[in-house]
Amino acid sequence: MNVPSTRRPPHARRVRRPVLAAALTAVLLAGAACSSKSEGSPGADGADGVRTGPGVSDGVIRLGALTDLSGPYATLGKSIVQAQQLWADETNADGGICGRDIRITVKDHGYDVQKAVSAYADLSTNVVALPQVVGSPVVAALLDDLQRDHMLTFPQAWSAALLGKDAVQVVGTTYDVDMLAAVDYLTRAKKLGKGDTLGHVYFEGDYGANALEGSTWAAERAGMKVVGQKVKATDTDLSAQVTALRKEGVKALLISAGPAQTASLAGVAAARGLKVPIVSSAPGFAPQLLKTPAAKALEGMLHVVGAAPAVSADIPGVKRMVAAYGKKYPGAVVDSGVLSGYNAAQLMGADLKKACRKGSLDRADVVAAHRTQKNLDTGLGTPQDFSDKALPASLKTYVLKPDPNAVGGLVNEEDAHEAPDVRAYLASRH
């Protein structure tokens, strides 16, 4: 969208019209000798003196999104995409970043790794960063490319396997840290005790493997045993898994899968008399579940752990976001994907602003600016520390519970706090 020049910094007003002409010329002369200020030229200097690179021109900063709009996380993907577009529109209305408008190009991979790899090849030549990539297996397949391209990327995936890369940033906690918090919650609530058996249903791949790593470590430390049941994203009837877990005499259940699996686990367990507490990772819940036959079981048995508060939380930043999202997308469900996507976009915006202040929007310099952020707080949850690429950006988790009358279907049960054994666990892994 075009922004009135009176709302832009002085240097942006000076270059706006020449930029449009330069951009058009660059398109017409694709493949020929280009101006050093054309969009996508590595190491070029903009008219305002800010160094640019792929995805950045004098008037535009282009970001990319690799998301799932047609696969198992389509509902989540839609929420994230819309939330990040809301942020972009708000940012542009407020003068943009570094005197430039934000543009987001979205590619749907349908949770198919090969489609995602192809989409990245198309997208990567003309964006500076990715505030959204949905799916642990997708990010894992792209890790080498993202590092090579210095492409600052915020996955909508929280596997610890994604840590340790300069260009890839897991926002909030990782799945293993969440499961430590889940075991801590169950223990403190006296729903589990020494000698008990804990069931854990988990997706194959990095998501489930990392979550199981955390639950196993926490259970062993507490004198308990974990019995795992691996499932696929296509497994939507968990009757066999419930039968096996019931035979093991489990006292509680953990689930690190998708909403369909969470609904089946709770519904089947309740129907078969296995009425035990269930704790899910955040990606395992969607408010639409509270309109399914499993609703009563979920309300009575489920808890959700993660680094983000409920979208119904009485937090000023969250309330403002919910109101703005509802105004832009009337009737749309406000779920955890809205908060996660909007938060990631705000964090990305803060990195771009810091890079601009340092004089360069080149990809590598955006990554460098990101890694200097030690206490970045968007007002949407816990502050983030991005300075150590080997560690999660936050160690604090919320515990949420279903409420069909709440926005997003969840309410805060416990505010963000750090489980007592998290640092010991992380030390044991390094």
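These legends accompany several close-up views of the predicted model shown above. Residues are numbered from 1 along each chain as its sequence is written, and side-chain values use heavy atoms, leaving out hydrogens and water. Because the model is predicted, local features need pLDDT of at least 70 and side-chain atom pairs count only at pLDDT 80 or more, while totals for chains, interfaces and linings use all residues.

**View A. Asp 58 and Arg 100 form a salt bridge.** A salt bridge is a side-chain nitrogen of Lys or Arg within 4 Å of a carboxyl oxygen of Asp or Glu. Side chains of opposite charge can pair when their charged atoms come close. Here the closest N and O atoms are 3.8 Å apart. Asp 58 sits in the loop between α1 (10-28) and β1 (60-67), and Arg 100 in the loop between α2 (74-93) and β2 (101-108), so the pair ties together parts that are 42 residues apart in sequence. Helices (H or I, at least four residues) and strands (E, at least two) are DSSP runs, numbered from the N terminus. Asp 58 is buried, with a relative accessible area of 11%, and Arg 100 is buried too, at 0%. Buried means under 20% relative accessible area, exposed over 50%, and partly exposed in between (1.4 Å probe, protein chains only).

**View B. Asp 145 and Arg 148 pair up within one helix.** Their salt bridge brings the closest N and O atoms to 3.0 Å. Both residues belong to helix α4 (residues 136-148), and being three residues apart there, they are separated by about one helical turn. Arg 148 counts as exposed, at 53% relative accessibility.

**View C. Glu 414 and Arg 188 link distant parts of the chain.** Their side chains meet in a salt bridge of 2.8 Å, N to O. Glu 414 belongs to strand β11 (residues 410-418) and Arg 188 to helix α5 (residues 175-188), 226 residues apart. Glu 414 counts as buried at 19% relative accessibility, whereas Arg 188 is partly exposed at 42%. A search of the whole structure finds 15 salt bridges.

**View D. Cys 98 and Cys 356 form a disulfide.** A disulfide is a pair of cysteine sulfur atoms within 2.5 Å, and the structure holds one. The two sulfur atoms are 2.0 Å apart, and the link is right-handed, with 70 degrees about the S-S bond. Cys 98 lies in the loop between α2 and β2 and Cys 356 in helix α11 (residues 336-357), so the pair ties together parts that are 258 residues apart in sequence. Cys 98 counts as buried at 11% relative accessibility, and so does Cys 356 at 17%.

**View E. Gln 373 is a buried loop residue.** Look for Gln 373 in the loop between α12 (363-370) and β10 (396-402). Its relative accessibility is 9%. A polar contact of 3.1 Å joins the side chains of Gln 373 and Asp 351. A polar contact is a pair of N or O atoms within 3.5 Å; within protein, one must be able to donate a hydrogen and the other to accept it, and residues adjacent in sequence count only if both atoms are side-chain atoms. Leaving aside neighbours within four places in sequence, Gln 373 is in contact (heavy atoms within 4.5 Å) with residues including Ala 350, Lys 354 and Phe 386.
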